Amino acid sequence: MVLIPPSCEGPALRALRVAVVGAGPAGTYASEILVESGLDVSVDLVERLPAPYGLVRYGVAPDHPWIKQITAALHKVLDRSDIRLLANVDYGTDLTLADLRDHYDAVIFATGAIKDADLDIPGIDLEGSFGAADFVSWYDGHPDVPGTWPLDAQHVAVLGAGNVALDITRILAKHPKNLLATDIPPSVASIMERSPLTDVHIFARRGPAQAKFAPLELRELGRLPDVDVVVYPEDYDFDAGSEQAIRSNNRTEQVVKTLTDWTRREPGELTASRRIHLHFLHRPVEVLGADGHVVGLRTERTALTGDGNVRGTGEYHDWPVEAVYRAVGYFGSALPEVPFDEDDGVIPNDAGRVLDADGRPIPGLYCTGWIKRGPVGLIGHTKSDAQETVRHLVEDAAHLPTPTHRDPAAVDALLASRGVEVVPWTGWQLLDAHEQQLGATQGRERIKVVPREEMVDISLDRP
């Protein structure tokens, strides 16, 4: 998509230098759209990790390699000569906002949302209570999370009715031998092999027609080797709002059909060594503990109110579980010196233009992706979102602040003076090839390198 710069009287627009902070899909697409916008522009893509691709690398379950195929498209973008990758560079420490202002005409923040949203119920901070984002980062080999995980629970509760809840449920319940063909790190597989887990319980506060599961991912649960899906007919209720959703939405119709088909299974068919239990119309109200550790979950039975929403009934159930995982959404993180909306977890903005405390656009500052609009939508939405942000940057091009240093070598020198070991695109290519070679020895696409120091050493071709 080419965005023609606005015509203006007087001198021609100067060549621009833009920093994009975050090399996930949002930042990568914004970079591509920007260099194809018609402006004379070069982009530095600043990434705090030693590897690009963001949640595509560190947020997609290892047994879903088809989703990770998006990296092929991202690779083509980062391989361009007018986009530089500056990985292993942390915004806020290695480079401050003042530094970026001093070296770039504009900055686009595309840092995503990597924290777990809060769930304000008693006991949520007990030992054995986890956020889905942390667990996903662990099994995806994120270099900034601990290398171990306490997989010592036999019975686990997962709170949520979306695809992240399905992902962590599937990874928890799946026998480790069925993950060994993926890019799962060996250290993660080793811990999973020792897991005593037998039962995972998913709790959704609304009914089957309100679940946000993708039909394909839901059906996948029913095909896991030696894992049964257990459903409870008493949890199936459909009000007028539910019926309307089923009639008008093909995704909802498919989800409800799959769930309803599972109710027709005979108990004698359920013989697997592990089980996934799907509970609807149960609202988590308390994580139960003893000696500081999770020993159970209390839920309140809910009832549909006719419009797809629910109310509490005052009927409570206690479930004996030793671990609880909340999958109730992601939440953005505040960035140093950048305005932040603490309630919504986003940078306050007007269609991508960052706003100050008085609601006025800050010249030269933009945002895109989940840090702009919250953690909703698919990768396709991320691309259209980036188009909106870049369109406004193009409109502002003639009025952007002028940086002091325009030579790309100036920011390189600054980082070098601070001892920052920058991983360029060629460095990522070395690490990428190394991981693929490790995988080839075991018939796998790749085996991830997890420790940050090792990632940097390989990327910088150090012994």
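Let's start with Asp116, which is buried but has no salt bridge. This is a predicted model, so please keep that in mind as we go. Which side chain of opposite charge is nearest to Asp116? That is Arg326, and the distance is 4.7 Å.

Now look at what surrounds Asp116. A polar atom of its side chain lies 3.0 Å from the backbone nitrogen of Ala132. For the backbone nitrogen of Ala133, the distance to a polar atom of the Asp116 side chain is 2.8 Å. Leaving out residues up to four places away in sequence, Asp116 touches Gly131, Ala132, Ala133, Asp134, Arg326, Gly329 and Phe331.

Okay, on to our second residue, Thr313. Thr313 belongs to strand β13, residues 310–319.

Who are the contacts of Thr313? Again setting aside residues up to four places away in sequence, Thr313 touches Glu300, Arg301, Thr302 and Ala303. Take Ala303: 10 residues separate it from Thr313 in sequence, and the C-alpha to C-alpha distance is 6.6 Å. Finally, a polar atom of the Thr313 side chain lies 3.3 Å from the backbone nitrogen of Glu315.

Note on methods. Residues numbered from 1 in each chain as written. Predicted model: local features only at pLDDT ≥ 70, side-chain atom pairs only at ≥ 80, totals over all residues. Heavy atoms only, no water. Helix = DSSP H or I, 4+ residues; strand = E, 2+ residues; numbered from the N terminus. Contact = heavy atoms within 4.5 Å. Polar contact = N/O pair within 3.5 Å; in protein donor to acceptor, adjacent residues only side chain to side chain. Buried < 20%, exposed > 50% of the residue type's maximum accessible area, 1.4 Å probe, protein only. Lys, Arg positive; Asp, Glu negative; His and termini not counted. Salt bridge = Lys/Arg side-chain N within 4 Å of Asp/Glu carboxyl O.
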